[in-house]
Amino acid sequence: MKKAPGEEPDETLTVTPPKKWAAGVPAVAHALEYSLEETSAARAGQTLLTMNQVDGIDCPGCAWADPAPGHRHRNEYCENGAKHINDEATTRRVTAAFFREHPVPDLARRSDAWLNQQGRLTEPMVKRPGSDHYEPISWNDAFALMAGELTSLGSPDEAVFYTSGRASNEAAFTLQLFARALGTNNLPDCSNMCHESSGYALHETLGTGKGTVSLHDLHHADLIFLVGQNPGSNHPRQLSALEQAKRNGARVIAVNPLPEAGLRRFKNPQKPSGVVGRGTRIADRFLHIRGGGDLALFQGLNRLLLEAEDARPGEVLDHDFIRADTSGFEEFAAHVRGVDWDDVLAATGLRREEIEQVRDEVLRSERVVVCWAMGITQHKHAVPTIREFVNFLLLRGNVGRAGTGACPVRGHSNVQGDRTMGIWERMPDTFLDALRDEFGFEPPRAHGLDSVNAIRAMREGRVRFFLGLAGNFVRATPDSAVTEEAMRTCRLTAHISTKLNRSHTVCGETALILPTLGRTERDVQASGEQFVTVENSMSEVHTSRGRLRPASPLLLSEIAILSRLARRTLGDTPDIPWERFEADYGVIRDRISRVVPGLHDYNRRVTRPGGIPLTNPVNEGVYANDAGKALFTRNAFEAPRAPEGHLLLQTLRSHDQWNTVPYTSNDRYRGIHGSRRVVLVHPDDMTTLGLTAEQNVDLISVWPDAVERRAEDFRVIPYPTARGCAAAYYPETNVLVPLDSVAEGSNQPTYKAVVVRLEPAADGVAGLEPRT
């Protein structure tokens with residue numbers, strides 16, 4: 001059972017064998033149990049029966065695409081989505097009395113789960129200089145504080161505006177417009193931590209930062225690769241799509257260091273076979289790869305395909321496609337033929353015959369899709385790895401055809417929509433030109449700060465103002481001690497939030513909590529009830545409309561907060577109708593329709609069932625990169641290595657967790673119950689390192705800067721992870737990820753490749769919180 005709001009979660013560890021299947025009746029039971037602990041049966045029913053419906057609430061939990069209208073189940077949600085939406089719909093409230101009882105130092109000692117369990121924020125709060133308590137503040141005074149700080153900056157670039165994927169398209173567009181009208185491109189977002197490497201690599205090779213796959217493509221593929229992802233916990237509705245693909249004859253190859261339950265078998269609780277039967281086998285083949293060995297795997301696979309073409313000229317590669325639509329093939333082919341098999345096998349931990357069997361699967365398949373997630377993007381060599389995926393797809397023309405393509409599986413609800421709306425520190429000149437022409441001001445052209453560079457700038461005293469639109473910045477980012485120290489150098493930090501989180505306890509000289517409407521709540525403005533729009537990971541833009549009464553009469557919508565702040569800060573220069581934006585979100589969509597390609601006639605088209613499917617130029621044979629064609633690339637061989645006596649640690653999410661927020665201390669699919677302070681280690685590695693089951697250890701990361709980064713008091717759990725690798729939960733282990741350990745090109749933190757050593761814990765007692 002989940003603890004009451006006044007109690008910390010228990011830390012009584014029990015371990016059971018990992019599950020061999022995902023979902024089923026237990027998923028329904030756990031979802032309902034959590035929902036009913038947070039809210040009433042009537043409110044839970046109101047949220048669940050409208051979630052992901054055509055005129056309902058878009059699930060805030062992930063960005064997986066919805067089935068077409070007319071093909072949606074009445075219960076179109078997963079266990080995690082049900083938990084997340086009712087976590088927001090909770091009837092618990094955080095009031096001024098709570099903050100009088102809990103000073104900031106007390107809140108800073110609390111766990112992420114405890115902070116979340118306190119409930120919904122209800123009124124704006126301020127922590128003033130020299131105080132250790134938040135106290136109430138009027139909205140008018142809060143806007144005056146922020147506007148005063150912004151107008152006193154030496155340069156607009158001393159301000160940072162962070163965005164989480166929870167924000168709507170309309171809010172994201174309003175925020176970036178305000179930042180650029182102020183004069184800065186400092187627009188970091190959560191994509192900097194999750195799929196920046198995907199966007200970078202796909203822009204370079206295909207001319208688009210988005211995936212090229214629709215649900216229809218996935219349903220009708222012959223072969224689907226699931227690489228570095230865990231759909232059972234992180235995007236469970238993908239399992240329904242994979243079930244459909246399997247029913248249509250697809251085969252699935254899973255590539256992962258851990259044998260996750262969702263990669264094995266899926267019991268769909270909405271079907272009899274998922275209730276009383278065995279469900280659907282997902283992975284036909286599981287490659288138990290070493291962490292970071294995916295580049296080596298696909299280079300070896302590509303070499304095998306070239307050699308198969310040598311043996312059967314004209315029968316393996318799609319030469320017509322390669323000649324007409326690609327560039328760089330000869331250079332790529334010469335490079336990959338030189339890949340050394342000993343290096344491939346050492347990097348992957350696989351046998352050559354396993355990779356040859358995959359080649360045979362590819363040769364039998366006319367339509368191939370490659371899906372990947374953060375198990376790929378959060379490595380130093382993530383960008384070349386994704387480029388190698390593209391090489392693999394191009395060889396047999398598996399781009400731009402039905403049933404084929406590249407599918408980066410994004411985790412957060414509207415992270416892709418944020419980018420479409422201009423939340424990026426490096427938006428192209430075409431977007432900035434359209435913004436100029438529509439609003440009559442010259443946007444700044446110099447590239448701004450992403451998340452890692454924003455932390456560096458704060459640490460160096462170059463940032464004085466931080467505004468977070470949703471999210472939990474200090475827990476999502478790497479090098480926790482460094483990040484928190486950097487945030488505290490700001491003169492003012494402000495967070496637009498629905499619930500309490502760790503970021504509210506890491507304060508600038510002045511700190512503001514700005515409570516906002518949740519996606520589940522009715523949003524009524526001067527022109528009447530509003531809806532917002534979001535974009536899923538397959539480039540479909542659709543509406544979301546809340547149904548519940550707001551948690552407090554003092555809540556403002558994200559758009560109202562941003563519009564009032566912009567009006568207070570900028571006045572009438574430039575001439576942007578902020579007041580009309582707040583009164584009628586349709587006015588924002590009208591302006592978006594003239595700035596963002598593909599969203600013409602936005603207000604009318606988005607309300608149609610299914611919304612607006614944005615056209616992907618790749619699927620029309622258009623490649624908007626420097627080459628004007630799909631680009632084959634030469635990628636230097638690279639694989640992470642841990643020295644003797646060390647392991648390669650990946651941080652990961654538990655099943656009962658949403659982003660940085662654990663709902664409980666359980667991870668039932670992996671068989672971990674009652675504690676999150678565990679490290680999963682292969683039994684053979686435990687023997688080599690002299691470790692015993694459930695021994696208490698400290699995790700110490702190894703990085704050339706000689707700074708000791710330590711996460712204390714973890715229990716060692718024997719687990720069938722790949723040899724030489726280990727796994728532990730984030731955000732507890734983000735303290736181990738150096739700020740300067742980033743992916744080449746994308747600057748994305750390397751949460752999946754941390755070299756660590758394990759030392760016996762000094763006190764032998766597992767604690768609640770990491771000491772940083």
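In helix α29, the buried residues are Tyr585, Gly586, Val587, Ile588, Arg589, Arg591, Ile592 and Ser593, where buried means under 20% relative accessible area, exposed over 50% and partly exposed in between, with a 1.4 Å probe and protein chains only. The model is predicted: local features need pLDDT of at least 70, side-chain atom pairs count only at pLDDT 80 or more, and totals for chains, interfaces and linings use all residues. Residues are numbered from 1 along each chain as its sequence is written, and side-chain values use heavy atoms, with hydrogens and water left out. Helices (H or I, at least four residues) and strands (E, at least two) are DSSP runs, numbered from the N terminus.

- Helix α29 covers residues 585-593, and eight of its nine residues are buried.
- The N-terminal end of α29 is capped by aspartate 584, which has a side-chain oxygen 2.9 Å from the backbone nitrogen of glycine 586.
- Helix α27 (residues 558-570) has 13 residues, and at 1.5 Å a residue it should span 18 Å; its end C-alpha atoms are 18 Å apart, which agrees. The expected span is 1.5 Å times one less than the number of residues.
- Ten of the 13 residues of α27 are buried, among them Glu558, Ile559, Leu562 and Leu570.

- The largest pocket holds about 1200 Å³ of space. Of its 37 lining residues, His203, Gly207, Thr208, Gly209 and Pro428 are the closest to its centre.
- A pocket is found on a 1 Å grid over the protein atoms alone, as an open set of points where a 1.4 Å probe fits, with protein on both sides within 12 Å along at least five of seven lines; lining residues have an atom within 4 Å of a point. Grid points are joined across faces, edges and corners, and a volume is the space filled by probe spheres set on the points.
- Helices α10 (196-206), α22 (415-420) and α23 (429-439) each supply at least two residues of the lining of the largest pocket, and α10 gives the largest share, five residues.
- By class, the lining of the largest pocket has 14 nonpolar, 15 polar and eight charged residues. Ala, Val, Leu, Ile, Met, Phe, Trp, Tyr, Cys and Pro count as nonpolar, Asp, Glu, Lys and Arg as charged, and the others, Gly among them, as polar.
- The second largest pocket holds about 980 Å³ of space. Among the 44 residues that line the second largest pocket, Pro67, Glu76, Arg237, Ser240 and Gln270 are the closest to its centre.
- Elements that each supply at least two residues of the lining of the second largest pocket include α1 (25-38), α13 (237-247) and β22 (540-544). Helix α13 gives the most, with seven residues.
- The lining of the second largest pocket divides into 21 nonpolar, 14 polar and nine charged residues.

**Sheet β21-β22-β23**

- Three strands form an open, antiparallel sheet in the order β21-β22-β23. Its edge strands, β21 (532-535) and β23 (612-613), each pair on one side only; two strands pair if DSSP finds at least two bridges between them.
- Four bridges join β21 to β22, and valine 534 stands opposite histidine 542 in β22.
- Glutamate 535 lies in strand β21 and counts as buried at 1% relative accessibility.

**Backbone features and a buried contact**

- Most residues other than glycine have a negative phi, and most peptide bonds are trans.
- The peptide bond from threonine 573 to proline 574 is cis, with omega near -5°; proline 574 lies in the loop between α27 and α28 (578-583).
- Tyrosine 730 and proline 731 are also joined by a cis peptide bond, with omega about 10°; proline 731 lies in the loop between β32 (725-729) and β33 (754-760).
- Asparagine 52, which is not a glycine, has a positive phi of about 65° and is buried, with a relative accessible area of 2%.
- Aspartate 713, in strand β31 (residues 709-718), has a positive phi of about 65° although it is not a glycine.
- Threonine 377 lies in helix α20 (residues 374-377) and is buried, with a relative accessible area of 0%.
- The side chains of threonine 377 and glutamine 748 are joined by a polar contact of 3.1 Å. A polar contact is a pair of N or O atoms within 3.5 Å; within protein, one must be able to donate a hydrogen and the other to accept it, and residues adjacent in sequence count only if both atoms are side-chain atoms.
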